Amino acid sequence: MTLTPEDLTAILLSLKIAVSATLLSLPLGFATAWFMVFRNFRGKVLLEVLVNLPLTLPPVVIGYFLLLLFGRNGWGGALLKSAGIEFIFTWKAAVVASATVGFPLLVRSIRLGMESIDRQLLQASRSLGAPWYDTLATVVLPLSFRGVIAGSSLMFARSLGEFGATIIVAGNIPGVTQTIPLAIYDYASSPTGTAMALSLCAVSVTLSVGILLLHEMLSKKLETGRSS
Amino acid sequence: MNLHIDIKKRFSGFSLEMKSSLSGDRMGIFGASGSGKTTLVHMIAGLTAPDSGEIFLDDHCLFSTRSGCNLSPEQRRIAIVFQQAMLFPHLGVKANLLYGYRRCRTENRKIRPEALVEVLNLQQLMQRGVNRLSGGEKQRVALGRAVLANPRLLVMDEPLSALDDTLRYQIIPYLRSVSEEFGIPYLFISHSIPEMQLMAEQVLVVEHGKLAVISTPDALARSGMAQSPRGYLNLLRLKTPAFREGLFHYPWGSGALIISDGKEEGESLFELSSRDIILFKKNPEAISARNLLKCRIAEMFDSDGRKGVVLESGGSTLVAEIVPSAAKELEIAPGSAMFAAVKASAFRRLG
């Protein structure tokens, strides 16, 4: 198995994009989950559909929408341009693409964690003198921490594998926006690239297995920590 | 403490409408499950907002649609003890106890944690994880946590119903002593008449989301006598027994009560059903029941076709239950003298 310097760049770029996408989504994902679990409001179903939409939509469609939004003629693009930010066909676009596609997975896991919290614990906290944000930080967050970890690792893994949306908004520029899946795509379309493609596939499998193992270990540890 | 409530709340399939003023430091709310007790508690504590009306605690507006005030739960300083202890599972005993204390303003901190730990006998539990506590221990910690928040009012929402009988009566002295010791008024919610008798001075009876009546625990127990499977339960706090021939002789009234299941040290609480007392017009001289008490009839009352007879001896009273025909035959009337026979084994020790 050999990796070219370009492959290494692709791996590092993939990691950078996945980490950024996950970190960027975390606060928003936590807030969305909290909103959906603990607040009653009109249009909850609508928000639910909207949040889960990227899960079922073809990523290419998401990529295309993002392109329309942030492209030269989109209002998002105009806004970024006036701020002097180059966006489309940069790694930042890849981050946004990954974040959009992985967001439902993150929210889903955090929600599951929050739904398992007994409401009376929150009522107890409030009646003991904690304002809502205090309850959020000292009861909701620690008790849904497992969900946060699970959601983050799932989203991170999903981001590493993002292809469809990324290729549309960020393109496939080696050294700039070419992540592992895009590099594999390149190798697979060339007649001599099989060995190279396989090497990157091996890296991909290793990373995924590693993340899933870490995820399992962390949830085990949190579980034992809870029961002691 | 004064609690003024005048509220309306409508849910799908249930509505609650209540208007009342309560005063006293040991108040009870009594009602069957589904009668709206917990909803009422939530509205007092600020966890649910009424549709309209007002709630005042000692001239302090907690909620009012007229003036627009609606204090958040943390501003109300009303601590709740739930049916399940609801300790924070990610915190230890000490952190749970201090949760409210740390959030209480310094000028409101009147109760010292050390003093509370002593009153509730929590020293042994301080370093333990909350999941390694028994049900009774958990409830004691939950009580301590609520008290240490230095609340204006302590709300106990059926704090005993998740515990078994033995534990229940072990916890009651703690509930009482904590509020007495630290001077915190409480609102005790329950559907058990004996618990009300032990905990409350005044009882708000709630039925189908409405206030049925304001009563005393004793009146409540009397009116429920015929319906309750065990009649009126006389609750007796007795101490300093003499132990003779395998039986405990407790001083009571102008004589003594002879009880088989007693305890030498400390004060014990006994329960005696009104149906376990037999009345005699004349002294029956030789009977197997160990207690034959000469009493005066202090009072009689009706309860759904049964007669309650309040027996008095040396300032202490017991309630016996008879059918009206027996009352007629024996010509029982207030002021007349009677003999009451009770088996030594009829007294049930609660704690």
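Start by selecting residues 291–303 and 306–313 of chain B: these are strands E17 and E18, which pair in the antiparallel sense over seven bridges. Strands here (E, at least two residues) and helices (H or I, at least four) are DSSP runs, numbered from the N terminus. Two strands pair if DSSP finds at least two bridges between them.

A quick word on what you have open. This is a predicted model, where local features need pLDDT of at least 70 and side-chain atom pairs count only at pLDDT 80 or more, while totals for chains, interfaces and linings use all residues. Residues are numbered from 1 along each chain as its sequence is written, and chains are lettered from A and ligands numbered from 1 in the order in which they are written.

**Stop 1: the rest of that sheet**

Now widen the selection around E17(B) and E18(B). What is the order of strands in this open sheet of five? Going across, you meet E16-E20-E17-E18-E19 of chain B, with antiparallel pairing. Look at the edges: strand E16 (278–280) and strand E19 (316–322) of chain B each have a single partner strand, so one side of each is left without a neighbour in the sheet. From one strand to the next, the twist averages 45°. (Angles run from 0 to 180 degrees between N-to-C directions, and axes are lines fitted to C-alpha atoms, for helices over the stretch in contact.) As a general point, strands of a sheet pair through backbone hydrogen bonds, either parallel or antiparallel.

**Stop 2: a three-stranded sheet**

Stay in chain B and pick E12, E13 and E14, which form an open sheet in the order E12-E13-E14 with antiparallel pairing. Strand E12 (242–244) and E14 of chain B are the edge strands, each with a single partner, so each has one side without a neighbour in the sheet. The twist averages 35° from one strand to the next here.

Zoom in on E13 (residues 247–252) and E14 (residues 255–259) of chain B, joined by five bridges. They form a hairpin with two residues between them, and Gly253(B) in the turn has a positive phi of about 55°.

**Stop 3: two domains in chain B**

Zoom out and colour chain B by domain: domain 1 is 2–223 and domain 2 is 233–349, with bounds that come from an automatic or database domain assignment. Their centres, taken over C-alpha atoms, are 35 Å apart. Where they touch, seven residues of domain 1 of chain B are in contact with seven of domain 2 of chain B; contact is counted if the C-beta atoms, placed from the backbone, lie within 7 Å. On the domain 1 side, helix H7 (193–199) and helix H8 (217–223) of chain B are the elements that give two or more residues.

**Stop 4: where chain B meets chain A**

Bring chain A into view. How many residues of chain B are in contact with chain A? There are 21, facing 17 residues of chain A. Helix H2 (73–76), strand E6 (78–81) and helix H3 (93–102) of chain B each supply at least two residues to this side. E6(B) gives the largest share, three residues.

**Stop 5: the helices of chain A**

Chain A has 11 helices and zero strands, and its C-alpha trace spans about 65 × 45 × 30 Å along its principal axes.

Select helix H2 (residues 44–56) and helix H5 (residues 91–115) of chain A: they pack at an angle of about 120°, with their axes 7 Å apart. That makes H2(A) oblique to H5(A) (angles under 35 degrees count as roughly parallel, over 145 as roughly antiparallel, 65 to 115 as roughly perpendicular and the rest as oblique). Show Val51(A), Asn52(A), Pro54(A) and Leu55(A) in H2(A), which meet Thr100(A), Val101(A), Phe103(A), Pro104(A) and Val107(A) in H5(A).

Finish with helix H1 (residues 5–38) and helix H8 (residues 145–160) of chain A, packed at about 140° with axes 9 Å apart. These two are therefore oblique to each other. The residues in this contact include Ala18(A) and Ala21(A) of H1(A) and Gly151(A) and Met155(A) of H8(A).

How values were computed: Contact = placed C-beta atoms within 7 Å.
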